[in-house]
Amino acid sequence: MSDEYADYALESPADVTPENPYTLPGFFAAMADGQFLAARCTDCETRLVPPRPACYACGSRALELEEQPREGTVVSYTEVRNPPSAFADEAPYTVAVVELDSGARLTGRVDAPYEAVAIDDPVRLTIQEPGPAELEVAREYEEAWPIHVFEPLE
Ligand SMILES: [Zn+2]
């Protein structure tokens with residue numbers, strides 16, 4: 001990880017800035033720069049995605065920003081057949097819970113049909129520009145935020 005994120009914390013109101021990756025604007029700004037960040041709890045090793053000011057596993061505030069590996073495996077998955085109306089033209093599509101190689105877990109779209117996905121499949125997290133459906137449901141300040149999509153690895 002580049003050192004530019006090493007000194008960020010969220011300990012007082014003055015730390016709440018649009019550049020701070022502990023805030024959603026800061027998390028997505030880092031993602032737009034190609035850095036997919038989590039907060040690593042140094043007490044229990046839980047990864048918080050997006051970064052939060054306190055660990056939701058143990059309550060500790062001993063957190064460090066950490067760039068995440070892009071590779072992971074499918075933990076669980078499903079097919080969305082009845083999506084929100086903005087995404088109707090994209091249905092059916094696959095959504096999975098993925099555990100990255102760091103242990104971080106997050107949900108996201110998988111760029112593969114449901115029948116082609118299985119538990120433990122290896123996938124890679126990609127960072128993409130939002131598409132028309134994402135832009136339709138985005139609030140104005142979210143329109144510049146990238147999205148993540150999991151690509152299957154053979
Ligand atoms: Zn913890």
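Trainee: Which residue in β2 stands opposite R40?

Mentor: R40 has R47 opposite it in β2. Keep in mind throughout that this is a predicted model.

Trainee: What makes β1 and β2 count as paired strands?

Mentor: The cut-off is at least two bridges between the strands. β1 and β2 are joined by two bridges and run antiparallel, so they meet the cut-off of at least two.

Trainee: And why are β2 and β3 called edge strands?

Mentor: Look at the strand order. The open sheet has three strands, arranged β2-β1-β3 with antiparallel pairing. β2 and β3 each pair on one side only, and they are the edge strands.

Trainee: How many strands and helices does the protein chain have?

Mentor: Eight strands and two helices. Along the sequence they follow α-β-β-β-β-β-β-β-α-β.

Trainee: How do you know that β5 and β6 are paired, and in which sense?

Mentor: Six bridges link β5 and β6 in the antiparallel sense, and the cut-off is at least two. Within that pairing, V98 stands opposite L106 in β6. The hairpin of these strands has four residues between them, and G103 there takes a positive phi near 100°.

Trainee: In which sense does β6 pair with β8?

Mentor: In the parallel sense, over two bridges, with β8 covering residues 147–152. R109 has V149 in β8 as its bridge partner.

Trainee: Now the overall shape. What makes the size of the protein chain agree with a compact globule?

Mentor: Set the value against the expectation. For 154 residues, a compact globule would have a radius of gyration near 15 Å; the protein chain has 16 Å, which agrees. The C-alpha atoms fill a box of roughly 45 × 35 × 25 Å along the principal axes.

Trainee: What share of the residues counts as buried?

Mentor: Of the 154 residues, 22% count as buried. The cut-off for buried is 20 or more other C-beta atoms within 10 Å.

Trainee: Why is E45 called exposed?

Mentor: A residue is exposed with 12 or fewer such neighbours. E45 has 12 C-beta neighbours inside 10 Å, so it counts as exposed. E45 lies in the loop between β1 and β2, and its phi is near 70°, a positive value in a residue other than glycine.

Trainee: What about D120: buried or exposed?

Mentor: D120 has 8 C-beta neighbours inside 10 Å and therefore counts as exposed. D120 is in the loop between β6 and β7. Its phi is positive too, about 80°, although D120 is not a glycine.

Trainee: Which peptide bonds in the loops are worth a look?

Mentor: The bond from V49 to P50 is cis, with omega near -5°, and P50 sits in the loop between β2 and β3. Another cis bond joins A91 and P92, with omega about -5°; P92 is in the loop between β4 and β5.

Trainee: Where are the domain bounds, and how far apart are the domain centres?

Mentor: Domain 1 spans 3–67 and domain 2 spans 71–152. Their centres, taken over C-alpha atoms, are 22 Å apart. Nine residues of domain 1 are in contact with eight residues of domain 2. On the domain 1 side, helix α1 gives the largest share, three residues, and that side divides into six nonpolar, one polar and two charged residues.

Trainee: What does A39 touch, leaving out residues up to four places away in sequence?

Mentor: A39 touches Y22, L48, P51, R52, L63, E64 and L65.

Notes:
Residues are numbered from 1 along each chain as its sequence is written. This is a predicted model: local features need pLDDT of at least 70, side-chain atom pairs count only at pLDDT 80 or more; totals for chains, interfaces and linings use all residues. The radius of gyration is taken over C-alpha atoms; the globule rule is 2.2 Å times the number of residues to the power 0.38. Domain bounds come from an automatic or database domain assignment. Two residues are in contact if their C-beta atoms, placed from the backbone, lie within 7 Å. Ala, Val, Leu, Ile, Met, Phe, Trp, Tyr, Cys and Pro count as nonpolar, Asp, Glu, Lys and Arg as charged, and the others, Gly among them, as polar.
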